[in-house]
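Subject: Structure handover

Hello,

Here is the structure I promised to pass on. Please open it beside this email, and then read my notes below.

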Amino acid sequence: MSSSPVSGPVPAQPYGRPPLRTVQVLGGTGAGSSAHVRSLATGLAARGVGVTVCAPVAAEGEYDFTGAGADFLPDAVSALRVACAGADVVHAHGVRAGMRAALALRGRRVPLVVTWHGGGPAAAGAVGRLGRLLERHVARAAAVVLGSSPDQVDLARLRGARDARLAPTALPAGAAAGAAAADPGKARAELGSMERPLLIAVGSLVPRRGYSVLLDAARAWRALDPLPLLVIAGEGPMRGELARRIEAEALPVRLLGRRRDAAQLLAAADVAVLPSRWEARSLLAQAALRAGVALVATRVGGVPELVGDAAVLVPYGDPAALAEAVSGLLADPDRRAALAAAGRVQAATWPSEDDTVAQVLSVYDELTNRRR
């Protein structure tokens with residue numbers, strides 16, 4: 001990680017050369033990768049770098065890459081090939097995006113950087129074999145693979161990456177600012193949690209998020225007085241399954257769908273819960289610690305290194321441990337306050353957006369200098 005972030009725009013034509021031209025490729029609309037690309041686009045454009053973002057139209061609608069100073073192209077194959085033809089560096093975010101970028105660059109001497117946003121335990125059967133095949137192809141096609149946690153770097157090397165480096169991603173400043181400006185009373189009133197504890201989880205409704213285990217834990221909370229309310233902000237294919245369980249088991253849980261004000265809701269919570277099977281640098285964990293909200297998370301992936309001693313960690317897949325950790329925090333406001341203070345101290349050690357942009361830009365410069 002760079003210890004001296006770029007603090008202002010670089011000249012439009014450094015050393016007499018034309019400005020660097022980059023293409024940022026997104027393979028989906030995931031909150032983590034989309035927010036990271038928005039942050040990168042803003043920082044790179046401010047430094048005189050030409051940025052084109054090739055992504056789903058829905059991602060542009062939500063993250064406004066053009067407002068960050070980038071050109072936007074929909075993620076059609078033909079558009080991606082045209083964009084890559086005029087680039088000095090192509091940077092793909094995620095394995096699917098890396099595969100599409102590698103195909104678009106076939107036969108061209110343009111370096112490919114891939115940020116490894118995925119990872120974790122491989123799926124079983126044919127799906128797992130296909131996933132490993134894609135990972136190997138992308139890892140070997142990339143000039144540099146960037147991982148935001150050590151296990152992502154290790155996985156990229158295992159899959160055959162020539163050059164894999166640790167590159168922690170920062171929580172976008174907008175998310176932290178949204179939490180700081182929140183009105184907790186207003187959020188709690190909207191959710192019906194003025195006189196009861198409020199728990200929150202944020203993330204897409206997919207199996208790896210561990211929401212089935214979270215609902216198992218919520219059964220134990222029905223015995224608490226006052227009864228806590230768990231809200232889950234996110235959308236995805238598991239919504240129907242989770243909704244049926246909540247109704248059938250009379251669980252104190254609300255599915256909020258995808259929320260633009262998730263940071264404000266988080267700031268109003270008593271405890272944030274991250275029950276995932278795997279995470280690298282979880283946006284929820286970063287936002288919770290920055291906002292001073294006590295966090296209970298699974299001890300997986302990059303989470304222990306990210307949070308240090310500023311969160312309560314439990315094994316993945318253990319609803320009893322999860323329920324006990326949350327219940328213990330609800331019964332101990334002093335412990336919650338201590339975690340809030342420790343979280344802000346821990347967050348101060350993380351890289352800033354400026355650090356992240358500076359590190360990525362140094363990789364681009366290294367790769368383009370190799371070609372000259």
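Start with one pair of residues. In S7, Leu166 is the bridge partner of Gly147. Keep in mind that this is a predicted model.

**The sheet**

That pair belongs to a longer contact. Strand S6 covers residues 144-147, and three bridges join S6 to S7. The two strands run parallel.

Now step back to the whole sheet. It is open and has seven strands. Their order is S3-S2-S1-S4-S5-S6-S7, and the pairing is parallel. Strand S3 (71-74) and strand S7 (164-166) are the edges, and each of them pairs on one side only. On average, neighbouring strands of this sheet are turned by 20° against each other, direction ignored. As a reminder, strands of a sheet pair through backbone hydrogen bonds.

**The cavity**

Gly147 turns up again here. The count comes to one cavity of 30 Å³ or more. The largest cavity holds about 60 Å³ of space. Which residues line the largest cavity? They are His36, His91, Thr115, Leu146, Gly147, Ser148, Ala167, Pro168, Thr169, Thr356 and Val360. By class, the lining has four nonpolar residues, seven polar and no charged. S6 and helix H16 (353-371) each supply at least two residues of this lining.

**A helix pair**

Next, find helix H3 (residues 77-85) and helix H4 (residues 95-104). Their axes come within 9 Å and cross at roughly 65°. The crossing of H3 and H4 is right-handed. Which residues meet there? From H3 come Val77, Leu80, Arg81 and Cys84. From H4 come Arg100, Ala101, Leu103 and Ala104. This contact of H3 with H4 has six nonpolar residues, two charged and no polar.

- Asp225 and Pro226 are joined by a cis peptide bond, with omega at about 5°. Pro226 lies in the loop between helix H9 (211-221) and strand S9 (229-233).
- Asp64 has a positive phi, near 50°, and is a residue other than glycine. Asp64 is in the loop between helix H2 (57-63) and S3. S3 takes you back to an edge of the sheet.

Over to you.

Best wishes

Terms used
Residues numbered from 1 in each chain as written. Predicted model: local features only at pLDDT ≥ 70, side-chain atom pairs only at ≥ 80, totals over all residues. Heavy atoms only, no water. Axes fitted to C-alpha atoms, helices over the stretch in contact; angles between N-to-C directions. Helix = DSSP H or I, 4+ residues; strand = E, 2+ residues; numbered from the N terminus. Left-handed = near helix turned anticlockwise from the far one by under 90°. Contact = heavy atoms within 4.5 Å. Nonpolar A, V, L, I, M, F, W, Y, C, P; charged D, E, K, R; others polar. Pairing = 2+ DSSP bridges. 1 Å grid on protein atoms, 1.4 Å probe; cavity = no way out; pocket = protein on both sides within 12 Å on 5 of 7 lines; lining within 4 Å. Points joined across faces, edges and corners; volume = space filled by probe spheres on them.
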